[in-house]
Amino acid sequence: MPSTLSTAIIAALATGTLAREDVFPVTKPDFRYQEFSKLNRVQQKAATDQLDYTAITWNALGLADVERKGWDYLTTDQQIGATQVGFTKESWDCFIDHYSSAYWAELVANNKASQYMRLGWSQQSWEGEGDHPTTEGKWWDQLSEDEKKAANSLCYFKKNWNSEDMNPNDSYFPFKFPEFRYQPWNELSLSMQNTAIGMMNYTEDLWNDLGTHVAEKNTFLNLDSVTREGAMELGFYTHNWDCFINHYQAYYWSSFHSDLLVAVETLGWSEASWTNDMQSPPLSESKYWADLSPEEKAAATRLCYFEETWDTNEYPTLEDFDISTAVTPDGPLPQDINLNIYETTGYAGRSPGMVAAGQYIYNTNASYRTVVSSTVLGVVALAGAFLFA
């Protein structure tokens with residue numbers, strides 16, 4: 001039987017991830033791809049005070065509002081803050097803005113239009129007069145080699161193209177568990193209630209009946225700006241909203257790739273049934289959690305379901321279960337969830353071959369659970385959500 005390491009190498013060779021090297025026109029600011037907690041104090045202070053980052057928006061690549069501005073559109077204070085963090089104008093415009101703030105004529109003048117054209121853009125689509133190219137809805141591994149080279153020229157690579165999630169998460173769920181969402185309304189702080197009401201249009205009933213609010217039927221990036229800002233104030237961001245709240249139900253089939261595709265197909269979905277307004281759901285949709293196979297439970301877990309949110313013909317009511325006993329995201333992987341279905345794809349950013357049940361154990365010397373591997377200790381969580389035209 002091949003070792004965990006050899007399994008990972010074989011999978012990497014199959015996808016070409018070992019053979020390819022990214023080449024950029026500007027020196028890569030490696031600090032931007034470290035967790036917020038690993039920045040020094042000067043960097044953290046400049047990031048929060050002058051660039052309005054939070055730990056969550058730093059760790060979720062591409063989420064912060066400031067990252068949608070080119071260097072010349074930053075205020076003087078923001079430019080000073082960016083410099084203190086470690087950016088230059090060149091590294092910011094390429095790795096953070098990717099020249100997206102430029103007019104098409106500016107892209108042409110700076111020899112960037114041709115790279116965007118290789119990714120399917122035209123002047124018309126860039127200026128909002130045509131559809132976005134199909135590459136906008138692809139994960140990195142779905143791009144062709146030429147598209148990847150073009151993306152590299154714009155300082156994209158797998159991690160920032162896929163908007164990877166660096167927020168700490170040692171649980172067997174794909175992303176950090178938003179425990180606050182499963183607290184009844186009367187247990188929320190007054191400030192959280194005010195945010196939920198004033199910015200997200202929740203009521204007590206809408207909050208307590210999961211899935212009934214119209215916002216929860218949409219992806220995070222498709223929320224209107226005020227609702228999205230409110231969600232961020234509560235503690236949501238792209239990945240945990242799309243997974244725990246929407247369960248990817250608003251995704252196009254073409255957006256399913258790698259472990260997400262394994263998950264939906266393991267539950268019996270096909271492109272035809274998914275795109276047919278879900279009128280022909282698979283058998284798994286009529287099963288209770290206890291009746292799901294270990295593989296189906298692993299698939300449902302990747303979509304951020306757990307027993308209490310899966311086992312209902314109607315919307316689950318928060319007062320019907322105690323979240324402290326409903327799930328144990330800080331405990332070991334339940335024996336009846338078989339994450340080995342992701343052995344070749346990896347699991348939410350964890351490398352192929354690094355997701356076996358035995359790798360999720362208690363660390364008796366610490367207050368948190370550690371993901372243990374014979375070759376890798378901890379990896380960044382991966383997912384992405386795309387705004388489709």
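Start with a term you'll need along the way: buried means under 20% relative accessible area, exposed means over 50%, and partly exposed is in between, with a 1.4 Å probe and protein chains only. Keep in mind that this is a predicted model, where local features need pLDDT of at least 70 and side-chain atom pairs count only at pLDDT 80 or more, while totals for chains, interfaces and linings use all residues. Residues are numbered from 1 along each chain as its sequence is written, and side-chain values use heavy atoms, with hydrogens and water left out.

**Stop one: the cysteines.** A disulfide here is a pair of cysteine sulfur atoms within 2.5 Å, and searching the whole structure turns up 2 of them. Select C243 and C304 to see one, with sulfur atoms 2.0 Å apart. Its torsion about the S-S bond is about 95°, so this disulfide is right-handed. The bond links distant parts of the chain, 61 residues apart: C243 is in helix α14 (residues 238–245) and C304 is in the loop between α17 (294–302) and α18 (307–310). Helices are DSSP runs (H or I, at least four residues; strands are E, at least two), numbered from the N terminus. Are these cysteines buried or exposed? C243 counts as buried at 0% relative accessibility, and C304 is buried with a relative accessible area of 0%.

Now jump to C94 and C155, whose sulfur atoms are 1.9 Å apart in a disulfide. C94 belongs to helix α5 (residues 89–96) and C155 to the loop between α9 (145–153) and α10 (158–161), so the bond ties together parts that are 61 residues apart in sequence. This link is right-handed, with 90° about the S-S bond, and both C94 and C155 are buried. Counting bonded cysteines along the chain, the pattern reads 1-2, 3-4.

**Stop two: the rings.** Rings of Phe, Tyr and Trp (its six-membered ring) pair if their centres lie within 6.5 Å; planes under 30 degrees apart are stacked, over 60 edge-to-face, and the rest tilted. The structure has 34 aromatic pairs. Pick Y53 and W58: their ring centres are 4.9 Å apart and their planes at 75°, so the pair is edge-to-face. Y53 is buried at 2% relative accessibility, and W58 is buried at 0%.

Next, select Y172, F173, F177, Y182, F244 and F306, which ring pairs link into a cluster.

**Last stop: charges over rings.** The test is NZ of Lys or CZ of Arg within 6 Å of the ring centre and within 35 degrees of the ring normal. Then show K28, over the face of F157 at 4.3 Å from the ring centre.
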